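Subject: Structure for you to look at

Hello,

I am passing on a structure that you have not worked with before. Please open it first; my notes follow below.

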Amino acid sequence: MKEIKFYKLVAFINSLVPLALMAWDWYRAQLGANPVEFLTRTTGMLTLVFLLISLAVTPLRKVLSIQWLIQFRRMLGLYAFFYGFLHLLTYIWFDRSFNIKSTVSDIYARPFIAVGMGSFFLLVPLAITSTKGWIKRLGGKRWALLHKLVYVAAIGGTIHFWMLVKSDTRLPIRFAFVLAIILGSRVVIKQLKHNAPPRTLVPRG
Amino acid sequence: MLIKKPDQIKSSEITDKKLYLTRRTFARGAVLAATTVATGLLYRKLNSPPQTRIEGEKIQGIEKVPDGQSANSGFTANEKLTSIEDITNYNNFYEFSTSKTEVASAAAGFVTRPWTVAVEGLVNKPRVFDLDDLLRLAPPEERIYRLRCVEGWSMVIPWVGFPLAKLLDAVEPSSSATFVAFETLYDPKRMPEQNGGSLDWPYVEGLRMDEAMHPLTILASGLYGEKLPPQDGAPIRLVVPWKYGFKNIKSIVKIRLINRQPPTTWGSYAANEYGFYSNVNPTVDHPRWSQASETRVGEYGKRPTLMFNGYAEQVGQLYAYMDLKANF
């Protein structure tokens, strides 16, 4: 097994730890007084956390010049999708009892549900086209353009969180702050690259 | 420096491939185990649902409601009680923490002696009560009430308390008094989130005079037969079972009788979301979520929310001529 493969395994297992602990706590009835709220909140937070980590990969890779970081991005993004799916599942299962009609009317009635739902569905095409085959099929440029949707999903997810808190906005503000740094650093990196003098090419041979 | 060429290295000095692989496997196992444990601890630290239970001091001489009386009075909800662990580890008390599962630990050690409650305003006999004198005004009664939080969860709690009317009678309200205003302790040294936080402090609430005098309205000093733990509003709090939880102001230091509707903390924060009355009403939604159903703590799934939290028979007449959509 090559080093990178091993570290991918480390990342994969570590990303499953929250799920394992949640399942373990559920099994021994240790999710606190309101298990449904706990599961919903935790899966929602994990979705945002994984979105932010996956979005941080490229700026970190460029700032620190660690090229191999890119190898973790797909897995982290898919974990964001996975926890987002669990988040949606807890809502449809426990809050809506799998009733499609009441889910639809709830989306209309509660804007923060609509924003969260919309952000999740933006992730669906990204998860589907995350394979090498799809990159080839779409072509790198079009694929990259499509995957810019992740910014919209991350901003939407943070707004969704912000909209639902009663009065204490400190946590959503922190998420928004980190997101702003990540997105801002991309702009800065792009600008620096743009302003750098073009390397003179010396013809060889 | 002498660098040995490969053929100079004795074969006995070369690490055996099997051993090398074992070492590598061991190192990898260690990395995997260490990171997994670290992630687990991080998750636990950021997201633990603690359930601690500190035995409280027993309250003596609690009067149980006679069986015959309980049916119509609403004094004893005939429902499964929420566990004391859940009642004391899942609290909204923003003076200590905005995380419901962290209030208990943040409020541990909150000192409630000495404690005084000033009762003043439009009364003939204003008085600053020492807590013990206040609790001697009337014998402690057990009241088993549903509690419905505006957030959509509910509990069934065996309170120990006495009717607020008994206290108000003791100070003799003047006929001009139409509202009662309540105030929580303001002491940022003892209530850490009052240093800033997300609401204006001190926490204030209010009732209309007839609501305050209603026999269901109590001042509670205990639950499950024990003195209130800090996280549940020690040493004395209001319980108005047909209204959303936040109306049940905690750790009260001042009660003022006045002739106008007083401001309330949540009403000042978002007037369109938290009305003065805030009666439990499944037909009037919170602007951001439905109030038609609720999660009973300890249960999965949802149950329908009842009009006036199931106390319509007892309190419906208080609002007989009011538009409850306008006066939410």
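Of the 205 residues of chain A, 27% count as buried. Please keep in mind that this is a predicted model.

Overall layout

Chain A is built with nine helices and zero strands. Taken along the principal axes, the C-alpha atoms of chain A fill a box of roughly 75 × 40 × 35 Å. As for contacts in chain A between residues at least 6 apart in sequence, 65% of them join residues at least 24 apart.

One helix pair

Two packed helices are described by the angle between their axes and the distance between the axes. The pair I looked at is helix α8 of chain A, residues 149-164, and helix α9 of chain A, residues 170-195. They pack at an angle of about 160 degrees, and their axes are 9 Å apart. Angles over 145 degrees count as roughly antiparallel, so α8(A) is roughly antiparallel to α9(A). The crossing in which α8(A) passes α9(A) is left-handed.

Which residues make the contact between α8(A) and α9(A)? From α8(A) they are Y151(A), A154(A), I155(A), T158(A), F161(A) and W162(A). From α9(A) they are P172(A), F175(A), A176(A), L179(A) and L183(A). By type, the residues of this contact divide into 10 nonpolar, one polar and no charged.

Regards

Terms used:
Residues are numbered from 1 along each chain as its sequence is written. Chains are lettered from A and ligands numbered from 1 in the order in which they are written. This is a predicted model: local features need pLDDT of at least 70, side-chain atom pairs count only at pLDDT 80 or more; totals for chains, interfaces and linings use all residues. Helices (H or I, at least four residues) and strands (E, at least two) are DSSP runs, numbered from the N terminus. A residue is buried if 20 or more other C-beta atoms lie within 10 Å of its own, exposed if 12 or fewer, and partly exposed in between; C-beta atoms are placed from the backbone. Two residues are in contact if their C-beta atoms, placed from the backbone, lie within 7 Å. Axes are lines fitted to C-alpha atoms, for helices over the stretch in contact, and angles run from 0 to 180 degrees between N-to-C directions. Angles under 35 degrees count as roughly parallel, over 145 as roughly antiparallel, 65 to 115 as roughly perpendicular and the rest as oblique. A crossing is left-handed if the near helix is turned anticlockwise from the far one by less than a right angle, and right-handed if clockwise. Ala, Val, Leu, Ile, Met, Phe, Trp, Tyr, Cys and Pro count as nonpolar, Asp, Glu, Lys and Arg as charged, and the others, Gly among them, as polar.
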